[in-house]
Amino acid sequence: DVTDLDATVAFVAALAGPDGSVLELGVGTGRLAVPIAARAGRVVGVDTSRRMLEELARSDVDRTVTTVHGDMVDDLPDGPFDVVLAAYNTVFNLTSAERQQACFDQVAARLAPGGRFVVEAFVPDTADGGDGGGSTSPRGSRVTVRSMSVDAVVLSASVHDTAAQVAEGQFIEISEAGGVRLRPWSIRWADPAELDAMATKSGLVRSER
């Protein structure tokens, strides 16, 4: 249920053009950045995870993506960029409204004239809240089975604070061979109107939804 790869690559590459520059926030393993680099002039990816960037380096054999180990607010490289991409709820990984606004401000300062900031994020049900999987969830806490096999089970445990627009959780993997492994996540969601307000405050104008 993650971003459609081909559609996203085509959309971003068309905005950038064959000689354009693209900055991806939270680039991860380069699932999007590497194929975008095949169509754009320059692609830079920022991520706080060294392990993710190491995976990207292993897959990007032709070194088409320049990587920056750092935060997507405080460590953005100098622009200008024709497109800045924050795919699959990446903006929500900044867990306060202030940090999210700072991200918009820093991106706006690095966009070339006519540049675009592309934000992909789930639309929360404001009555219920949201979670890291991109779907609405009830208030309070819940535990569900994410996957199960003969020798392993993955549980999802989460707590949702609707008033604060915050959801936190753990993917708990229990296996016969590996014991227990925890994968924490935390997000602060915003609805489209709030994202528009952040953009406006940064001097950006909404182009399309």
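What follows is a working chat about a predicted model.

Reader: Start with the sheets. In the open sheet of five strands, what is the order?
Author: This is a predicted model, to be clear. The order is E3-E2-E1-E4-E5, and the pairing is parallel.

Reader: Which are the edge strands there?
Author: E3 and E5. Each pairs on one side only.

Reader: And how are neighbouring strands turned against each other on average?
Author: By 20°, with direction ignored.

Reader: Take E2 and E3. How many bridges?
Author: Five. E2 covers residues 42–47, E3 covers residues 65–69, and they pair in the parallel sense. Val44 has Thr66 in E3 as its bridge partner.

Reader: What about E1 and E4? How many bridges join them?
Author: Three, and the two strands run parallel. Leu23 is paired with Val84 in E4.

Reader: Which strands does H4 touch?
Author: H4 packs on the sheet and touches E1, E4 and E5. Its direction makes about 145° with that of E5.

Reader: And where does H1 lie?
Author: Helix H1, residues 5–16, lies across E1, E4 and E5. H1 runs at about 155° to E4.

Reader: Core next. Which residues touch the most other members of the largest nonpolar core?
Author: Leu23, Leu25, Val84, Phe92, Val107 and Phe117. That core has 29 residues.

Reader: Which elements give two or more residues to this core?
Author: Strands E1 (21–25), E2, E4, E5, E8 and E9, plus helices H4 and H5 (192–201).

Reader: Zoom in on Leu25. What does Leu25 touch, not counting residues up to four places away in sequence?
Author: Its contacts include Val46, Met72, Leu76, Val84, Cys103, Val107 and Phe117. Leu85, Ala86 and Thr90 are also among them.

Reader: What other core lies apart from the largest one?
Author: A core of 18 residues, among them Val9, Ala16, Val22 and Val118.

Reader: Now Leu111. Buried or exposed?
Author: Buried. Its relative accessible area is 13%, which is under the 20% cut-off. Leu111 lies in strand E5, residues 111–119.

Reader: What is Leu111 in contact with, leaving aside neighbours within four places?
Author: Pro80, Phe81, Asp82, Val84, Arg116, Phe117 and Leu204.

Reader: Which residue other than glycine has a phi near 45°?
Author: Tyr88. Tyr88 sits in the loop between E4 and helix H4, residues 97–110. At 31% relative accessible area, Tyr88 is partly exposed.

Reader: And Gln165? What is its phi?
Author: Positive, about 60°, although Gln165 is not a glycine. Gln165 is in the loop between E7 and E8. It counts as partly exposed, at 21% relative accessibility.

Reader: Give me E8 and E9. How many bridges?
Author: Ten, in the antiparallel sense, between E8 (residues 166–175) and E9 (residues 179–188). E8 and E9 form a hairpin, with three residues between them.

Reader: What stands opposite Val166?
Author: Arg188 in E9. Further along, Gly169 has Trp185 in E9 as its bridge partner.

Reader: Last one. Ser156, buried or exposed?
Author: Buried, at 14% relative accessibility. Ser156 lies in strand E7, residues 152–161. Leaving aside neighbours within four places in sequence, Ser156 contacts Arg142, Val143, Thr144, Gln170 and Phe171.

How values were computed: Residues numbered from 1 in each chain as written. Predicted model: local features only at pLDDT ≥ 70, side-chain atom pairs only at ≥ 80, totals over all residues. Heavy atoms only, no water. Pairing = 2+ DSSP bridges. Helix = DSSP H or I, 4+ residues; strand = E, 2+ residues; numbered from the N terminus. Buried < 20%, exposed > 50% of the residue type's maximum accessible area, 1.4 Å probe, protein only. Contact = heavy atoms within 4.5 Å. Core = buried A, V, L, I, M, F, W, Y, C linked by side-chain atoms within 4.5 Å. Axes fitted to C-alpha atoms, helices over the stretch in contact; angles between N-to-C directions.
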